Amino acid sequence: FDLENWGWIKGLLGYKEGTLETADAQIRDEYASLRKFYDRKEKEWISTRDQRRRNKLNTDMRWADDRMNTIKRRQLIDFLATHTVIPKYGFPVDVVELTPLSHIKESKNIRLERDLRIAISEFAPGSQVVANGYIWESAGLKVVKDRALDEYWFVVCHNCRRFDKERRTSDTSSLKECKGCGYKFSKNDIKTFITPIFGFVTSRELEPPKPGESRPKREFTTRPYFFDYQEPKEEEFNIGKLKINCRYSSHGELAVICKGKKGAGFHICFKCGAAFSKRPKSNTHKTPIGEECSSLSLRGYLHLGHTFTTDVLTISLEEYTFDNGRTDQSFWYSLLYAILEGVNQALGIRRQDLDGCLYPYEGRIALVLFDNVPGGAGHVKRIMDKQNLYEVLKSALDRVKNCTCGPETSCYGCL
């Protein structure tokens, strides 16, 4: 945090980077937009004599006035905690909100907040969340005047499935070939993801329905990808016939990506924040607050993504030859999840506090285990001990050895 040189102040007040400065800009921009909306409706109310139209405008003005009062009356500590200026329970470092832009009174009493890793799927445009007796559907991203959303080029190799990314600073990417297998990327292989750091919004005009007997269908999923770590500590262990290489770092870098329906991404308006799975056919679209906006500001085939740092442990099996049935990724995923369950059983670490992914390198595959808590908690570091690793592998073997799932199916029961 650079305490000696007061460097932590930049993390709070740095222009376009500081958490407090960003939170302040975000809430001021929302309030200013509501004030402009109210003033436009008020002028329109004065200029018309149509009573039906006036009634509709009265409803619009009441909604804007209620939203402004909600902002003014919000508790300061609650606001600072939501925007991670000060810590809250669990110390999440990247929390965003799905803001309900509804006129019904139930919208004033809910806080729909998620860590950004979860939010990019649960709050993705088109996703639905049940809260306070209603179904709230995300209609787009929250945008802030003079604040750009972070954009990255990314690619997942078709050959080995290795992930790579770089910050998007121009219209062309320097990602040309896979660093793991040398596969040459085509132009269509390179995608773009944006990080919705300001959160998400619902539509003001869409009346939230009551939930039925079943939960709303989960539209989108995410997948974690490992791509780098800093100053890893390395050790090798000989367990049975296995020579196991382990590398641990408290600064492992990962990304989660939400690719939209069938991997097609989203069409997002960078002016109003409205987002769609398919590009609107007309030249205009509705903003989340119900006004007309030009579709010229829409950009298509964008994915949602988030990069984060946590404790990471990579496990690779050295000098071991696998038969053909154990070289595809399905085997490695089974091994990965068996080990995750083994960690839970042998070391008493909650399964939801750990996660994992695969990392292709030099024609081989490493298992990546990481702490699934903000900033890391040192869980995977405990595995980097010969006795602990032995107990983990033994528990993993016991888990699948006594499996009752059929050989032709996935291990839905034990893993």
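Trainee: How many salt bridges does this structure have?

Mentor: Heads up: this is a predicted model, where local features need pLDDT of at least 70, side-chain atom pairs count only at pLDDT 80 or more, and totals for chains, interfaces and linings use all residues. Residues are numbered from 1 along each chain as its sequence is written, and side-chain values use heavy atoms, leaving out hydrogens and water. A salt bridge here is a side-chain nitrogen of Lys or Arg within 4 Å of a carboxyl oxygen of Asp or Glu. By that rule, the count is 26.

Trainee: Take D24 and R28: in which helix do both lie?

Mentor: Their side chains meet in a salt bridge, 2.9 Å from N to O. They sit four residues apart, about one turn of the helix. Helices are DSSP runs (H or I, at least four residues; strands are E, at least two), numbered from the N terminus. This one covers residues 19-47 and is helix α2.

Trainee: And is R28 buried or exposed?

Mentor: Buried means under 20% relative accessible area, exposed over 50%, and partly exposed in between (1.4 Å probe, protein chains only). D24 has 34%, so it's partly exposed. R28 has 57%, so it counts as exposed.

Trainee: What separates K394 and D398 along their helix?

Mentor: Their side chains form a salt bridge too, at 3.6 Å, N to O. Both are partly exposed, K394 with 41% and D398 with 34%. They're four residues apart in helix α7 (residues 386-401), so the separation is about one helical turn.

Trainee: Which residues do salt bridges that share partners join into one network?

Mentor: Side chains of opposite charge can pair when their charged atoms come close. Shared partners then link several residues here, namely K41, K56, D60 and R204.

Trainee: On to rings! How many aromatic pairs are there?

Mentor: Rings of Phe, Tyr and Trp (its six-membered ring) pair if their centres lie within 6.5 Å; planes under 30 degrees apart are stacked, over 60 edge-to-face, and the rest tilted. By this rule, the count is 15.

Trainee: What kind of pair do Y134 and W136 make?

Mentor: Both residues are buried. Their ring centres are 6.1 Å apart and the planes meet at 50°, so the pair is tilted.

Trainee: How far apart in sequence are the parts that F226 and Y359 tie together?

Mentor: With centres 4.9 Å apart and planes at 80°, this pair is edge-to-face. Both residues are buried. F226 lies in strand β9 (residues 223-229) and Y359 in strand β17 (residues 354-361), so the parts tied together are apart by 133 residues.
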